[in-house]
Number of protein chains: 4
Amino acid sequence: MGNTFGTLFGISTWGESHGGGVGVVIDGCPPRIPLNESMIQKDLDRRRPGQSKIVTPRQEADRCEILSGVFQGKTLGTPISIWVKNQDQRPEAYTEMQEMYRPSHADYTYQAKFGIRNWEGGGRSSARETIGRVAAAAVAKQLFRKVLPKLEVVAYVRQVHALVAKVEPSAVSATEVESNIVRWPDAKDAERVIRLIQRVRSKGDSVGGVVECVLRGVPAGLGEPVFDRLEADLAKAMLSLPASKGFELGSGFAGTRMLGSEHNDAFIMKGGRVRTVTNRSGGVQGGISNGEDIVFRVAFKPVATIAQAQSTVSVSGKKAELKARGRHDPCVLPRAVPMVEAMAHLVLVDHYLRHKAQNG
Amino acid sequence: MGNTFGTLFGISTWGESHGGGVGVVIDGCPPRIPLNESMIQKDLDRRRPGQSKIVTPRQEADRCEILSGVFQGKTLGTPISIWVKNQDQRPEAYTEMQEMYRPSHADYTYQAKFGIRNWEGGGRSSARETIGRVAAAAVAKQLFRKVLPKLEVVAYVRQVHALVAKVEPSAVSATEVESNIVRWPDAKDAERVIRLIQRVRSKGDSVGGVVECVLRGVPAGLGEPVFDRLEADLAKAMLSLPASKGFELGSGFAGTRMLGSEHNDAFIMKGGRVRTVTNRSGGVQGGISNGEDIVFRVAFKPVATIAQAQSTVSVSGKKAELKARGRHDPCVLPRAVPMVEAMAHLVLVDHYLRHKAQNG
Amino acid sequence: MGNTFGTLFGISTWGESHGGGVGVVIDGCPPRIPLNESMIQKDLDRRRPGQSKIVTPRQEADRCEILSGVFQGKTLGTPISIWVKNQDQRPEAYTEMQEMYRPSHADYTYQAKFGIRNWEGGGRSSARETIGRVAAAAVAKQLFRKVLPKLEVVAYVRQVHALVAKVEPSAVSATEVESNIVRWPDAKDAERVIRLIQRVRSKGDSVGGVVECVLRGVPAGLGEPVFDRLEADLAKAMLSLPASKGFELGSGFAGTRMLGSEHNDAFIMKGGRVRTVTNRSGGVQGGISNGEDIVFRVAFKPVATIAQAQSTVSVSGKKAELKARGRHDPCVLPRAVPMVEAMAHLVLVDHYLRHKAQNG
Amino acid sequence: MGNTFGTLFGISTWGESHGGGVGVVIDGCPPRIPLNESMIQKDLDRRRPGQSKIVTPRQEADRCEILSGVFQGKTLGTPISIWVKNQDQRPEAYTEMQEMYRPSHADYTYQAKFGIRNWEGGGRSSARETIGRVAAAAVAKQLFRKVLPKLEVVAYVRQVHALVAKVEPSAVSATEVESNIVRWPDAKDAERVIRLIQRVRSKGDSVGGVVECVLRGVPAGLGEPVFDRLEADLAKAMLSLPASKGFELGSGFAGTRMLGSEHNDAFIMKGGRVRTVTNRSGGVQGGISNGEDIVFRVAFKPVATIAQAQSTVSVSGKKAELKARGRHDPCVLPRAVPMVEAMAHLVLVDHYLRHKAQNG
């Protein structure tokens, strides 16, 4: 059941890069939430290939179709099935993958686990799988619009290779992020990052970086002791994204170099409620949201598929050399932004419903 | 069900710092595994308070008792219930917590979530809760002794404040780690770290750091696409530990500054099987183990409870000042080592059984 | 998550009677199982409407399409998505349901629960939903063909209204059952049952009955103490079928009138293994299969939709009279047979994989 | 995880007949519910052995102790651990079970499944395991007292062997049921049943029967399409009880002999809400409660342990003869009543919380 996520707002994604398509079934969505395809499409468009000159040129419209669970524009409370047909498939671009394992990709491990793999386009390990997650999160967003109207989830590219955006998470605006194709929070500086990515691509190479995400308007009380801490579920959600290698909340790894007296967030009363003066906790204490901004970062490695020759082994155990064809992102970060936002929504919606059940 | 972990080797931990005790119920353990209390006690002793001069002086023997699931020295396949009685309880040391919220602790968020909290000793948010996890992992260890005898899980303190151990994960030995009270992998350097911790404590302050963990002998094939990737479940497991703030696998955050051509792990044939020349992947590719060492790091913040005066608010919303009494660790790292190992075992055992079910 | 079933062979069904279609996502199927659409279609044809003169004349080919999880004719170990498009939709036949609640149907309770309902064709409560189950079970069958080749699951109509088939479960053959349109195990007697059903239909009425199911070749050891007993999961599975009202295993309700000395199944050695002389246990003891035939019965009420005028209330709380139009089964039993078999397969496959994980 | 039940109000029971005791961990109970040991003890006393002359004379006080999750008389929202120590253990009474399989008991199947079994007192398959369920249900009761104060769950012995109580479920009172040791709903007739049970015991034999249960005051809307129908979860819950062989809701098996026109429950408006004139549906339609009394029956086989000589086989596969010693119930029905009520509460509380999460 590794393709299923969530206790109450449960989603099951399905589909491979090449084949009938990709999709998701959402089981447990509350009823009477306004929903139509264009609400979902908007988010799918933010993650689709071919959206700008710095991502893969694979041309996929990624048109979604709602097959069930919606009646006269509202959710029924029954499973919502959403389907995106695969269109721009080129299995012939992957014939070499049939014969050899791409370095730092999932070809070998899928083969080791299952004794079989769909070698066309990475199969299930393709980032195409995240379409189902983004679609499901778009549904969660519609729910939050009704029940937590002040919730705001903003992710952005904080770092690409050695370039780091100089911003304060609390001040980043979604509009500014979306105003440039890197999704850089400091738009006037974006051109520099775009040039870096293009330079790397021109050499047939790739770069990684860090996505930062801030959740504003999350009420105190979400998250559970002890295994399903909010940050634990966020960490799992983020590490389940392709190419992610790390997660940190609030002060994160840097906070390990502080003293307790420097690190602690003093409480004060403000606006009639308990607040913290600083936010090194990143909005979560003891696994439960404290009402401050939730801030976390996700590390993404440089894309494994590069246009340079690499040494590897063939499926029959022979030394081999591989030079990827196919159409790939030189930098996954811009398209990772909507994926990170999607997973954040999915974690939040599940904890929102769980909290309501036990303590609402 | 936030206190329950695992799909097939399911554990439910229970208990508060003050009260009848803490414990765990393990549901799904395979039968006929040799098990007795001393096997569990050994690991509990590594995490118990009072074990050295750099941890909390709270004196708890943490004696475990197996109440069910074992017959004539072997597991029955039915639930194993393990109980550790609380002994050295001093509720009077916590009376101030009844009245105010400790900064960067879970007092306020538990109150916000549940509208009630056990203010004695942190209640459920106390690190005492991890006793159940360590006990459950000790059972998993016995299973692995039988089915994966080459498995070796070694965690150690990689960093305390600004001090970083200069070691290669693949070369660290469990014996060397256990030879010093910090669990520093480079034993001859441990004294320096001990002095740092003592210096910090003498000022009524605390420090954080990083635990690194290496899993050797994990066969290729464990982990699942797409949500239950091995690293995703490890990340969740580690972020569920008290005071943890970050997780990274293999190259982690540092890897985001590399190019794809530098980062990729080339495949080669070695000893008749597919290996990688480097291990930036950290032993997991596409969510599934590739047979190399699994290497990850966990960031722990400086302990929130310090002996200095801090400003906070009272439960009635008044400005207040708090100076912790109680008996606390100046540095959680040495005792976090067995906790990290425990969670690693729990993730592995569940994925081991799941893999066996689907692909065995 | 009420639309999801199974711990390891997890299925999520979706879809309403009217809308984009119905389908299922299977998460956890073992890899390398031969699978194509015709293997699934065979079972869908047994449950489809319009298959004979004694079922609903609704004409649906129920053509299935596999959208994912299969590559070159074999399962990949990744989610299998199966879709059946709705075709013969006549929402106009249901316009009255928009205004009133059909007696003994789910219109009122769906409205009470969700505050909204798809009134076209019963929406999610339509028996059309079982297509996903039958398709998923067809996949499980292919797995069993490989791992439990001697497994035989045979269901049949044991009773219609007051007519009871005189057969011994152990002797019923699938071929004889399929040789007549009622799926009566004593084929030479089937005509009498067909006439009864036709007579009832001609009066605009409906009848209920009992489906009996026998599972042969189940090895000893499947099922778990204490909540997931094999019979408990079978009971849940059967009571989750539309129109079912009861379940009994082995001696069932009749066994309550026996003495212990009459009821107990004495053990004997036979063919080198432990057997029972009688089988009042119905093949399960202490929740676990004992290697004998598993025999159970499921009660189905008379179909709620009848062509006679019935008094009811409107959605606005007014007294109303309803006379169903639409196209309905006078007797659900013949089409319930493949549904019962499907659910039996789904329970077995999950317990098979769970047993393998823990004890294999 | 077969010893775990419930999605949101999750319980894990543990323990064997002989050993450290039996108990339960409840994960997910809402906070601030008044709870102490005497509230639980009351229900444990109703199921304990030795309570009357027609049950087993095994003397167990079954004193419960709450080990966690309660603070100052109220639930904390964290796991509640409840423990009952085993006291009156006589392993020597079971030495023969070490050597042979008791007919229609779980000895053989546990051995077949696990390759090991605790032969003392039936181990995990002992009805002693239900202590954990009854204790957990007592906690659920306290919650319902607060959130559904009109809820009334009344079970009673409807039938023993051939004797059937002549009562109308809607009219049975808990007080009358508890007024006699058989828990017969028609108290003036109870003596006749007591005599039957005593007569059967004196012959070293046992009898079975039927427990009926009525749930009053359940609001419309509980239960889920499609697998987690309320009746499906009730069926599973009841079939998970030791010695149960069947379940039926409302008209049940008898309803299969009615015509649709006789069986349907017409809707009417009454007291401002939608009601049904009759209640053949048994309070559930389409898997969801409709606000009428929920009525179901559970078949219990005659107790397998009898004091007569029976033929069986030894663990080494030899023909053997067994005559039970030990102390056993001649009729499980009186003590099954609180077990049935307990499972009904556990199903209700889980669906209550799930409904609140999605639709509340």
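Here is a short chat about the predicted model shown above.

Visitor: What is the strand order in the open sheet of chain C?
Guide: The order is β1-β2-β3-β7-β4. That makes 5 strands, with antiparallel pairing.

Visitor: Which strands sit at the edges?
Guide: β1 (4–5) and β4 (64–68) of chain C. Each of these pairs on one side only.

Visitor: How many bridges join β3 to β7 in chain C?
Guide: There are 5. Strand β3 covers residues 22–27 and β7 covers residues 80–84. The two run antiparallel.

Visitor: Which residue stands opposite C:I26?
Guide: That is C:I80, in β7(C).

Visitor: OK, helices. Which strands does α1 of chain C touch?
Guide: Helix α1, residues 37–47, packs on the sheet and touches β4 and β7 of chain C. Its direction makes about 140° with that of β4(C).

Visitor: And which strands does α4 of chain C lie across?
Guide: Helix α4, residues 130–147, lies across β2 (10–15), β3, β4 and β7 of chain C. It runs at about 40° to β3(C).

Visitor: New topic. How many residues make the contact between chains C and B?
Guide: Chain C gives 14 residues and chain B gives 14 residues. On the chain C side, 6 are nonpolar, 6 are polar and 2 are charged.

Visitor: What rotation superposes chain B on chain A?
Guide: A rotation of 180°, with 0.0 Å of shift along its axis. The RMSD is 0.0 Å. That is the relation of a two-fold axis.

Visitor: Why say these copies meet through the same surface?
Guide: Because 100% of the interface residues of chain B are also interface residues in chain A.

Definitions and conventions:
Residues numbered from 1 in each chain as written. Chains lettered and ligands numbered in written order. Predicted model: local features only at pLDDT ≥ 70, side-chain atom pairs only at ≥ 80, totals over all residues. Contact = placed C-beta atoms within 7 Å. Nonpolar A, V, L, I, M, F, W, Y, C, P; charged D, E, K, R; others polar. Pairing = 2+ DSSP bridges. Helix = DSSP H or I, 4+ residues; strand = E, 2+ residues; numbered from the N terminus. Axes fitted to C-alpha atoms, helices over the stretch in contact; angles between N-to-C directions. Least-squares fit on C-alpha atoms with pLDDT ≥ 70 in both.
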